Amino acid sequence: MAAQITDKTKLVFVCNPNNPTGTIVSADEISDFLKLVPEDVLVCFDEAYYEYVDDSGYRTALDFLKNHQNIIVLRTFSKIYSLAGARIGYGVVPAEILEAMDKVREPFNINTPAQVGATASLDDQSEVNARRQSNQEERKRLEEALDRLGMRRSESQTNFVYFSPGIPPTRAFERLKAEGLIVRVLGDSEFIRATLGTAKENSKLIKVLESLA
């Protein structure tokens, strides 16, 4: 990505953890990358899934804000907090960038119910921890099943798994859909993305995948 930056580049997005692969960029990789980015280029880190991460090599981009004034860090309440319908999130940015953003931000861009829901979510970290633990257990169970079935996958740090079903993705999609399971087919890639559900739903997914192998 650094090699693609030119004099015309104004903004770079780094999705960490990444969607749709679920993979992360390590702290060392972020540090090396930021050293190569000109100070007049904004680097926006999308950390929508960061609450799910359990890899010790991960560091939020917030840790780099002190030494880099060209960073924007975005978070959302749409994932682990389950407030997708409320359309609420937040960003952490240097004061100078915030001043520029406020000049074009729509007034009253977040409604009161969304703000109340977000505040309540932040105050209930025990629920967040329970969801994180459940997600880790179910993700491990699905990944072990994929390994057993010989289906190639990425190392996910999110609430979804990116894998190759071993047959054309569109065929896999139709087979899964017939069983009431919806996955994401990603263009011409041989991989699909399956979001983790309840333990019962994940067991059903594994059972259907076994029939594909």
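Let me begin with phenylalanine 160, which at 1% relative accessibility counts as buried, where buried means under 20% relative accessible area, exposed over 50% and partly exposed in between, with a 1.4 Å probe and protein chains only. Please keep in mind that this is a predicted model, in which local features need pLDDT of at least 70 and side-chain atom pairs count only at pLDDT 80 or more, while totals for chains, interfaces and linings use all residues. Residues are numbered from 1 along each chain as its sequence is written, and side-chain values use heavy atoms, with hydrogens and water left out.

As for the overall layout, the protein has 6 helices and 7 strands, these being DSSP runs numbered from the N terminus, with helices as H or I of at least four residues and strands as E of at least two. Their order along the sequence is β-α-β-β-β-α-α-α-β-α-β-β-α, the C-alpha trace spans about 55 × 45 × 30 Å along its principal axes, and buried residues make up 40% of the 213 residues.

Now to the rings. There are 4 aromatic pairs, counted when ring centres of Phe, Tyr and Trp (its six-membered ring) lie within 6.5 Å, with planes under 30 degrees apart called stacked, over 60 edge-to-face and the rest tilted. One of them is edge-to-face and joins tyrosine 49 to phenylalanine 160, at 5.2 Å centre to centre and 85° between the planes. This pair links distant parts of the chain, since tyrosine 49 is in the loop between β2 (42–46) and β3 while phenylalanine 160 is in strand β5 (residues 160–163), 111 residues apart. Tyrosine 49 is buried as well, at 6% relative accessibility.

What lies over the face of phenylalanine 160? That is arginine 193, at 4.7 Å from the ring centre, and the charged end of arginine 75 likewise sits over the ring of tyrosine 50, 3.5 Å from its centre. The rule for such a contact is that NZ of Lys or CZ of Arg is within 6 Å of the ring centre and within 35 degrees of the ring normal.

Turning to helix α5 (residues 169–178), the residues Pro169, Ala172, Phe173 and Leu176 are buried. They lie on the same side of α5 because they cover an arc of only 105° around the axis, taken from the directions from the helix axis to the C-beta atoms. On the other side of α5, Thr170 and Ala178 are exposed.

Finally, the salt bridges, of which there are 11, each being a side-chain nitrogen of Lys or Arg within 4 Å of a carboxyl oxygen of Asp or Glu. In helix α4 (residues 125–148), arginine 141 and glutamate 138 are 3 residues apart, about one turn of the helix, and their side chains meet at 2.8 Å, N to O. Arginine 141 is partly exposed at 29%, whereas glutamate 138 is buried at 12% relative accessible area. Glutamate 190 and arginine 152 also form a salt bridge, at 2.7 Å, N to O, and this one links distant parts of the chain, from the loop between β6 (184–185) and β7 (192–195) to the loop between α4 and β5, 38 residues apart. Salt bridges with shared partners join Glu143, Asp147, Arg153 and Glu155 into one network.
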